[in-house]
Amino acid sequence: MATTNPLQFIQQVRAEVAKVVWPTRREVMLTTVMVFILAALTAVFFALVDIVIRTGLQYVLNVFG
């Protein structure tokens, strides 16, 4: 593996960072809102699944218990 001197390394890092396409403020806000909405929907889904499973287990335990 070839070694580079620190100055050359810093120049390469700056060149790579210059290639990065940063998101706009609107894109960041939109994706953040989408993440919160999807997290809330996921929480509601798993809460409903939990209620269904709990109700089913209570029914089975009442019938056979």
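Colleague: Is Ile 10 buried, partly exposed or exposed in this predicted model?
Modeller: Good place to start! Ile 10 sits in helix α1, which covers residues 6-18. Its relative accessible area is 48%. Buried means under 20% and exposed means over 50%, with partly exposed in between, so Ile 10 is partly exposed.

Colleague: Which residues make the nonpolar surface patch of about 600 Å²?
Modeller: Ile 10 is one of them. A residue needs over 30% relative accessible area to join a patch, and Ile 10 has 48%.

Colleague: What is the radius of gyration of the chain?
Modeller: Let's build up to that one. The chain has two helices and zero strands. Its C-alpha atoms fill a box of roughly 75 × 35 × 10 Å along the principal axes. The globule rule gives 11 Å for 65 residues, and the chain is well over that, so it is more spread out than a compact globule: its radius of gyration is 26 Å.

Colleague: What percentage of the 65 residues count as buried?
Modeller: A buried residue has under 20% relative accessible area. The accessible surface of the chain comes to about 6,500 Å², with 73% of it belonging to carbon and sulfur atoms. The share of residues that count as buried is 0%.

Terms used:
Residues are numbered from 1 along each chain as its sequence is written. This is a predicted model: local features need pLDDT of at least 70, side-chain atom pairs count only at pLDDT 80 or more; totals for chains, interfaces and linings use all residues. Side-chain values use heavy atoms; hydrogens and water are left out. Patches are made of residues with over 30% relative accessible area and no salt bridge: like charges are joined within 9 Å, nonpolar side chains (Val, Leu, Ile, Met, Phe, Trp, Tyr) within 5 Å. Accessible areas come from the Shrake-Rupley method with a 1.4 Å probe; for residues, only the protein chains shown count as cover. A salt bridge is a side-chain nitrogen of Lys or Arg within 4 Å of a carboxyl oxygen of Asp or Glu. Helices (H or I, at least four residues) and strands (E, at least two) are DSSP runs, numbered from the N terminus. Buried means under 20% relative accessible area, exposed over 50%, partly exposed in between (1.4 Å probe, protein chains only). The radius of gyration is taken over C-alpha atoms; the globule rule is 2.2 Å times the number of residues to the power 0.38.
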